[in-house]
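This report describes selected features of one structure, moving from strand pairing to the ligand surroundings and then to the annotated spans.

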Amino acid sequence: MAEIRMLTAEPSTARVFRRFWPSLRPHRAIMAGALLASVASTAAVVAIAPAIGWGVDAVTDGDRRQLWWAVMLLVALVLARMVLLRWSEVLLSDAGERTIRALRDLVVERLARAPLRFVEAHRTGDLLRRSTSEIADLTLFLRDQLPQLLSVGLTAVLTTAMLLVYSPLLSLLLIGLFLPAALAVLAWFNRAAPAAFGRQAAADATMTATFTETLTAHEALVAPGRPQEWVRRFRADNDRLLAASDRAVGTQSRLELFGLIEGVATAALLILSVWLVRDGRLGVGTVVVFVVATRNLFESMLALSGLAGQAQLARVGLARLVDLLAALPPADPDAPQRSGSELPARGDLVAQGLRFAYDEREDVVRDVSVAFPAGDRAGLVGVTGSGKTTLAKLLAGLYEPDAGTVRYGGVDLRAVPAHRVRERIVLIPQQVHLITGTLADNLALTPGAPARAAMERAVERLALGDWVARLPGGLDAPLGARGEKLSAGERQIVGLLRAALVDPPVLLLDEATADLDPDVAERLESAVERLRAGRTLIVIAHRPETIARLPRTVRIEAGRLR
Ligand SMILES: Nc1ncnc2c1ncn2[C@@H]1O[C@H](COP(=O)(O)OP(=O)(O)OP(=O)(O)O)[C@@H](O)[C@H]1O
């Protein structure tokens with residue numbers, strides 16, 4: 001089976017932030033600044049409670065000077081908190097945005113270099129979700145939730161430390177009552193969270209994939225007799241997503257137990273405080289500090305419980321993104337393969353002992369050896385599913401064989417960078433893929449970004465001037481969404497124009513099986529004739545007229561040559 005690493009629907013979230021760390025490393029300085037500002041702003045919040053307590057003591061002691069200082073301190077702390085919080089938010093969101101932009105570039109760049117088999121073997125919607133909405137979730141987390149998470153966590157730590165200094169007895173009561181229960185709730189949440197949120201992300205990706213695919217196949221699915229098929233397929237995935245979301249919400253609601261713990265702990269604290277104040281072992285100011293600080297502490301915990309679900313979602317998304325990046329490792333400049341060998345300008349295309357399978361079930365191409373001398377003109381024929389397209393993709397270097405070699409001018413295609421192979425061997429598929437835009441935009445997708453003059457020359461060379469002139473706007477004619485305004489044959493004309501711009505010595509053409517308009521069929525034939533001069537032309541021929549015109553044919557049956 002062709003060697004590609006398949007993506008996992010629910011990859012492990014273990015140590016995912018550590019695995020992600022290299023992507024954050026370039027933004028270390030700004031992250032450290034944001035962290036520092038966050039610590040300082042939280043310290044300011046935590047100090048508010050003692051400042052109030054100090055003020056209360058001043059009132060009970062009738063010390064006006066201390067009261068004045070307490071009020072000034074309170075104002076200074078509130079102002080410092082405001083400025084520092086804003087500063088840390090700005091720095092963190094800046095670092096987050098930069099990281100995400102770099103990550104988006106990285107994902108697109110890796111996907112652009114991914115082997116064709118990798119892209120074909122995965123559902124478009126899944127790849128789409130991993131490289132768009134999961135990155136967007138992560139942006140939201142880094143920009144909005146991470147700063148809150150940091151501030152909440154720090155508030156909890158600093159408040160606990162402060163309370164310990166004020167009254168170890170009350171603090172120990174609080175910690176003893178609250179901490180074990182809070183940790184137990186957190187552990188209960190964590191046990192279920194990775195699976196629940198992972199399943200939700202996978203179900204969401206499946207729904208996106210089904211939606212993308214059914215939308216493309218819309219015409220077939222709403223055909224007479226099965227009008228509800230489109231909706232039925234979508235609804236089944238939607239139901240699964242709903243079930244997965246319900247489970248995630250159920251897991252999230254476990255954290256609501258924090259509210260109960262808060263009530264019990266506050267009541268116990270108040271009872272003990274009243275008793276200690278009556279005994280004269282505690283001042284009223286200290287009790288006020290405790291009540292205010294405890295409120296802070298519990299509010300932090302409640303906020304933390306709200307954020308924990310978001311953090312888990314971001315963690316799952318990150319794991320799926322890291323999985324994608326791991327499946328598409330960067331090009332190794334020292335790798336022995338694809339070391340930059342050059343393909344000659346002209347040469348024979350020779351396949352030797354080719355074997356290829358899409359999956360472990362069975363080989364689709366079996367021990368195929370065939371040679372196409374330079375300038376050859378041959379047809380590849382066989383019944384549907386016999387392996388013609390697969391063999392053509394192997395001959396064009398789009399797939400790597402599981403065994404055997406494809407050589408051009410004596411050089412193994414695997415030893416040559418992919419873009420160099422594309423300059424020598426071009427395959428025009430049955431369904432030429434077009435993007436939304438003009439004809440010129442579509443021709444510009446050719447390697448080397450050809451200039452307008454080169455496009456005009458290609459049109460002239462293939463005698464397609466009047467075909468282009470008939471499009472409203474000529475080269476600037478909008479072709480509609482994904483080129484919907486063109487028929488299958490016309491799409492192949494665009495494919496031929498692209499090939500003319502590359503000017504490769506070997507051309508493989510997978511003839512369109514669709515019924516072609518006679519005018520388009522004639523233009524295609526004439527364009528192929530003009531283009532083939534001086535090159536090797538291999539046609540996957542379906543139509544008897546094409547087969548009759550070819551000087552020789554190579555027949556393939558169940559993956560073997562006959
Ligand atoms: N991407 C794929 N994943 C899994 N199996 C595939 C894939 N593409 C083709 N196959 C299978 O490989 C076999 C050969 O397919 P291939 O498209 O090469 O045949 P073909 O002779 O070109 O057919 P056609 O004339 O209909 O285009 C078929 O059984 C097909 O189902």
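## Strand pairing and ligand shell

In β5, Val411 is the bridge partner of Tyr408. The model is a predicted one, in which local features need pLDDT of at least 70, side-chain atom pairs count only at pLDDT 80 or more, and totals for chains, interfaces and linings use all residues. Residues are numbered from 1 along each chain as its sequence is written.

Helices (H or I, at least four residues) and strands (E, at least two) are DSSP runs numbered from the N terminus, and two strands pair if DSSP finds at least two bridges between them.

| Strand | Partner strand | Bridges |
|---|---|---|
| β1 (residues 349–356) | β4 (residues 403–408) | five |
| β4 | β5 (residues 411–412) | two |

Helix α12 (residues 388–395) gives the most to the shell around the ligand, contributing three residues. The shell residues divide into two nonpolar, seven polar and two charged, where Ala, Val, Leu, Ile, Met, Phe, Trp, Tyr, Cys and Pro count as nonpolar, Asp, Glu, Lys and Arg as charged, and the others, Gly among them, as polar.

An unreviewed UniProt entry lists several spans as "transmembrane region", including residues 29–54 and 66–84; such annotations may be inferred rather than shown by experiment. Residues 29–54 are 100% helix and 0% strand, with end C-alpha atoms 38 Å apart, while residues 66–84 are 100% helix and 0% strand, with end C-alpha atoms 26 Å apart.
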